[in-house]
Amino acid sequence: MRYAYYPGCSAESTARDMHQSTLVVARALGIELQEAQGWTCCGATAGHQTNRLLAVSLPAANLAKVQDMKLDMVVNCAACYNRMKVANHEISAHSEIRQGVRDALDRDYDGSVKVRHLLEVLLEDVGLPTITKSLKRSLHGLKVACYYGCLLVRPPGVVKFDDPENPKSLDRLVTAMGGQSLDWPCKVECCGGGLSLSRTDVVINLTGSILDMAVQAGADCIAVSCPMCQSNLDLRQQDINKQTGKNYRMPVVYITQLLGLCLGFGPGELGFEKLMVPAANVLKKVEANGHE
Amino acid sequence: MSNNGDKKIGAVLVQGGGIAGVQAALDLANSGFKVYLVERDAAIGGMMAHLDKTFPTGDCATCIVSPKLVECARNLNIEILTLSELTDLYGKPGNFKATVRRYPRYVDESKCTGCSECTQVCPVDIPDEFNRCLGTRKGIAKLYAQATPNIFGILKNGHSPCKLKCPAKVNVQGYVQLIKQKEYLKAVALIRQRNPLSAICGRICPHPCESECMRGKADDPIAIRLLKRFASDQEMEMLAAGKLTLPEEKTPAPAAKKVAIIGGGPAGLTAANDLAEAGFAVTVFEAMPAAGGMLRYGIPEYRLPKKVLDHEIEIIRRKGVKFVYNCRIGRDVTFQTLQKDYGAVFVSAGAQKSRKLRVDGEDINGVLHGIEFLREAASAKKPAVKERVLVIGGGNVAVDVARTALRLGAKQVEMVCLEQRHEMPAYPEEIEATLAENIKIHNGWGPKRILGNGSVTGIELKRCTRVFDDQKRFNPAYDENDLTTIEADQIIVAIGQAVDEKLVEHIYVQNERGCFKADPVTGQTSIAGVFAGGDSASGPASVIDAVAAGKRAAESIERYLLGRELLGGRFEESLRPIPPAFLPTLDKVEKKSRPHPEELAPVVRLNNFDEVEKGLTEEQALAEAARCLNCALCSECNRCVETCKQHAIDHAMRERTVTLEVGAVILTPGFAEFDASRKGEFGYGRYSNVVTSVQFERMLSAAGPFEGHVIRLSDGREARRIAWIQCVGSRDSTCGNEYCSSICCMMATKQALVAGDHVEGLDATIFYMDIRAHGKDFDQYYERARAKENIHYVKSIPSRIVQLPGSKDLRVAYLDENSKLAHKEFDLIVLSVGMEPPHSMAGMAASLDIKLNEFGFCATDRLQPLCTSQPGVFVGGAAQEPKDIPETVTQASGAASMAMELLASARNSLVTKKSYPVEHDVTDEEPRLGVFVCHCGINIAGTVDVEQVVRRIEHEPNVVLATHTMFTCADTSLSNIKDMIHQHRLNRIVVASCTPRTHEPLFRETLREAGLNPYLFELANIRDQCSWVHSAVPETATEKAIELVKMSIARARKLWPLEGGTLAVDQTGIVIGGGLSGMTAALALAKQGFDVHLIEQANRLGGTLHDIHRTFEHENIAAFTSGLIDQVQKHPRIKSYLEAEITGIKGHIGKFHVALAQGSKNLEVTGGAIIVATGAQAAKTTEYLYGKSDRVLTQVELEKQLHDQTWPAQGQNIVMIQCVGSRNEKHPYCSRICCSMAVKNALAIKKLDPTANVYVLYRDVRTYGFREIYYQQAREAGVVFIRYTPEVPPQVTDNNGLVVTLKSPDLPEPLAIEADNVVLSTGVEVDLKNNKQLSDMLKVPLNADGFYVEAHMKLRPVDFTTEGIFLCGLAHSPKFIDENIAQARAAAARAATVLSKTQLDVSAQVAYVDQQKCISCMTCVTVCPYSAPYCNKDGKGQIEAAKCMGCGICAAECPARAIQLHHFETDQFMVMIKQLFASENVENGEKKVAAQRPDKILTGKA
């Protein structure tokens, strides 16, 4: 299982824990991630709202590089994933955009690189039976609210990933690890990702209601697979608590971190210390479940 | 007969038994055609049977539809084919051959009496589709309580995975269900049908079934083996306790054919069992001193106690099987002898020899072999074991050997095998038990040589590197350098079994690799009449495999001996797997694990052979059986079969096809509900408190799963805050349904209103896009709902429902009236699901070659709305376009008219009319009563002591015969009643049973067949009104039943024969109004072969049709109009009267006289039926400067200008204003057509000039059905739709140019539009003066808006309450061309039910006036809803029998008591009351006194 890996900008900064745990888990499960050489920003930030051609050309530059590698592209960040998928979709559907991209990149790209989210690789290529067999510890007794955000599953016609209203990929992984995945109502609610810095008030409102639902559902932690979601949910809890008088202390962990724990890795190897809200309860529970 | 194909066939096939199919069938059957009513479901009734109430009438849907269903069932000329569908059609219009597939009901329709005893014993609970899975139903059930036909049916899916996986095909689901019901003996009997070794397999079967169990995919598979053991143990315990005795010993008949069986192991025993049951003389030749084979001499007793084995062998022996022990083939008897002396031989000798290791040292003293070791261990002389025993092998025998050796005293037992632990062929639980007993297993070693000198000292082993090769074949490889040694005093080799070579020599059938060669299906060997099975044919296998082989051989041997072919139609061919889509869904299964029975502790096991595993406790077994998911639906447990006293149940029924000869086909398959789970954002299927509108109907229904309680499914609490979300699956391109489903707005409104009656403090919110209340009187209904404080209409469709964790309340985000985001929480949310084509539509269309539209509905033309693309095949109802009940009924009648027109020449050619014997004259006879009291199975007899009732009434005066019957309505009972009438010269019959509503006609019919007048019958309702309601107090109920029967007896004495009259029918139709509807109706009647008088006020035919120039679909309506006028004028049967005024109408159904003034000429036309089609016109207005500015015009004027190309295209800005003069206080109704008309004209303007700005100011856009597409097109073309509210209507001013100003609730600021033209949609209104005059003459009512009022808004949309007069067109209510055409044809079909008869029967149950007593107050004339009473020439009231419906209102109201209703006369009731209150005095006084016969018994007119 070899893939071209597109880490995305946050992987080298705010989401180093995601990056780190992804690599650890991939190695343990025999997924060979070959980082795309010279990758650049996907445009998920301000770029994609500025100009349609720019919005497609930025991801296309990366896709074209991967095309040369003759591998499928694996992405972990939901925003990057969404941009890549949209670019492929736009380029395939509109010849004028493909032409525009050709002019911008000075090369042709036909939109054919297969873009896969790490979750897809885990569930489809590796498969739950293999994962289950590799587990050393379990999430038994841990109640997990799986949070997908909006970019991973939408628009359904473009990303074609899981059920846009009630996705189950993360839940299936959590269940396979022995944890209890909760049916809660905010799986695909928006966290305010794009407004993270410009309109913190909106973000506080949106993430506040997501955290509230997770608490009401009785979650021990929220599991995510996107660095934007993670930072919004994790980082803003202090502000929310200050502004609303609540006392949220909800760990927001990457699914790769949970998987890494169950595969037998220590919290240090998986970047747990980088979480703003410590996941001590998670670690304690997994530790208590012990080695098989 | 070459022209046979041209002959018209007077029969029609109607596909779909909903209200449309029922109406079409009734119209056709009542006008001289044979009807096959074909319905896919188990009962007719369709969607209406699911509904609670109807809008806007508030009727109980079931109450109004049931009588129609019953009427269908009773009609001699309607044959109802349920569970059937039309699959093919050959031939041509007028002469088709229709292929109908009939699915099995598994209940004989002709035998089932609907008593429900089967359903009470059925153990299977499955989701009830009728209740949309809100509750469960039994495997055998009626579709719904009032189902027609009133019979039961069984649901099957196929055969469950457990049964199919079982080699012997034991009905697992069946016996598990019986155990659930504590019917343990029945469970064992069911097991033994396929496996006579029930108790044995309950212990040692490897249970392959459990690996297939669907429950195992949710949590744990059902513990099937343990349940089997539990049931079998109950049998043995009962025997031991003396509560049960073994069956009688049987001996085969002397002439029975003989079968020899070689070997009494499981295969031989099974074959012996089956063949003995089939009546053959079976002898089993067994080499050992007792039967059982490996069961006795291989399986150690700690797994299978000998007493269990003996028990089951004894049961087989008692069936007449002879056992010859110690008889070895070739030694004690030769195979040839058997062949000669027996008709057939079954070889099931087993594999009784151990395989050898073939390594050095195997012959050293102390090396034993497994099979022989076990055989000895099972005999009295136990083999000696040494201290350290080593067993070689990893299979079940090896494990048995090891554990036996331990029990025989070995100090240390070890095992060695090639396989790794997970590869070992022994059953996992056996390996577990072995390890638990401290037996060490050395995995992955193979023997190199056995060590020892004179006696064994140990074994040298080599490492086994692989057991199976890449092809998974047994092909071990070794590492010869990796060696080890284990010390042992005794080595037992248990590496496999083989058939005794000597036996193979003696039995000279062909063999292969040491086994007898036998056909895998039949068991037949190379020698005719010799069969083989079990281990000796297949090689070593499990006990259940052997049983299966025995079954197969027995089936073959029976066939062989009876001279039938061996293959073809064998049992296993009857099995079919459940299609994967129908397997139970697992996501809702509540997780529960399987039980683990107790075991003897390992320390207690060691020195004895006590059974290790205990059985389940009863509590465990019942809980375990209840976990079964009933994959196959019906479990075929046969409880119903044994319970049904009518022997109506037949599990072997199969699907079949029939071919019907019909002249025409009408398709009325209805619709399917949109699958709400496709709109994931609403969480249907995910959130338990989100239901569909149809589920909500079932919730509201008193006969539904919650008996009318509106509850939350999550916690059963009453739902108080309820929201409806409209347009789920309608008007939605994301799911491909761009059309409007037409009914949902009204349905939600009705549901909110009805829920208000069910839920105190209801808070209802309806989220909608437009409220489409476009039907007759709908808008008034909607306004009433809107005026309620607790019903909120919110014009916003939420994008998502969120379920709050914990409370499971539902939160909805929406835009409020200020376009601000709002949140609201609800207890329950109802999704108003739209209509989709029925699931069967695509397949049917393909096989009948019928075109469908883009959405999969039947494609029709707006000018031919009832015709499919296939001539002779007509369509009606929702399958053509979403619509509500009245339009569905209308289209159904219209389609019936189409068929009548096609088949006019064949009318009355295939109908049956029953003839009866001459009525016996009872005039001068004393009453001689026969009383029949019905048990109704246990429905009555379970509560009421029926026999006591008979005893207590049999000495009542005039009672000649009193008896009781199981089902009085059963065919045999009815014949018996007829016999009794003749035998005892009975002249009055009383039946005490269910209800006259369903059964009176049947018993009356029986009287007529026996030559008695049907009115000499009386029914005492001791079921619905006694046993059912008083089931808790049987004794009092019995007393009440006695009273009821006595009252009926009293009344029966007073019954007299009545005879209805007949009246001649003038077979001419009269149509009033010559517009589209009138012309269409006249043509329909004329084409059916009736003469028609068509009366028109104006000087030309066509009416307002002349104002319509184009429709969405048709450019040239003028051509259609002139073509239609031409057809009417040229038709020889139609006589048109233009400029004719109606001056008077007299007469009644069958003969109306209509007086006309045509200019100066006065004339009269007569006919048997009248159709009113007087139409309506565009309303006038003076609003919005109409008439003051020439730039303000109506839509009709605009359309004319557009058509004449005189539209000046005066400018760029056109403003259309909707609802001008409609939906206001003066005209509270919606004119239905104006929204579409505006859209049509707007699109036309846009087509002329795409840059023109067209603004449509509307209140609700009501482009219902497929017209919604044009609304969408208009928006796409840039037409701007702006909403206004009636509180703030638009203003039009003209100061140097038209300006329209308005304040829209959807826009923040007021608007002012400079308009070049203002176009007004003014709606439709009737000519009130004209309608008043005509309605007075016809004596039919008008509503407040001046439209005619039909007999019943839902189910009689074109009838008047006055018989013989029918209604269609705009005179009924505003509607489109296609709707008028359908309705006109409907009126023609309804009129044909009168005109097709030469004479009509007049009911005998009519009122009459005693002229002496009449005081001429004419109260009767005032109160009669049917205009039957009139003032006669003497100034007295008199009743026109032809019009009387026998309702009795006049009799009740008459202040002089001058009116009596035949059959319900005062004294007939008084005697009942006297009987009830007064007692014996009355009884004695009345005794044997024949009642006085009234003066008149002949009613009606000749």
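## Nonpolar surface patch

B:Phe1464, B:Phe1469, B:Met1470, B:Ile1473, B:Leu1476 and B:Phe1477 make a nonpolar surface patch of about 560 Å². Patches consist of residues with over 30% relative accessible area and no salt bridge, like charges being joined within 9 Å and nonpolar side chains (Val, Leu, Ile, Met, Phe, Trp, Tyr) within 5 Å. A salt bridge is a side-chain nitrogen of Lys or Arg within 4 Å of a carboxyl oxygen of Asp or Glu, and accessible areas come from the Shrake-Rupley method with a 1.4 Å probe, only the protein chains shown counting as cover for residues.

B:Phe1464 lies in the loop between β67 (1459-1461) and α43 (1466-1477) of chain B; helices (H or I, at least four residues) and strands (E, at least two) are DSSP runs, numbered from the N terminus. With a relative accessible area of 32%, B:Phe1464 is partly exposed (buried means under 20%, exposed over 50%, partly exposed in between; 1.4 Å probe, protein chains only).

## Basis of the model

The model is predicted: local features need pLDDT of at least 70, side-chain atom pairs count only at pLDDT 80 or more, and totals for chains, interfaces and linings use all residues. Residues are numbered from 1 along each chain as its sequence is written, chains are lettered from A and ligands numbered from 1 in the order in which they are written, and side-chain values use heavy atoms, with hydrogens and water left out.

## A buried loop residue

B:Thr1362 is found in the loop between α39 (1328-1338) and β62 (1365-1367) of chain B. This threonine counts as buried, at 2% relative accessibility. Beyond its neighbours within four places in sequence, B:Thr1362 is in contact (heavy atoms within 4.5 Å) with B:Lys1339, B:Val1340, B:Tyr1426 and B:Ser1427.
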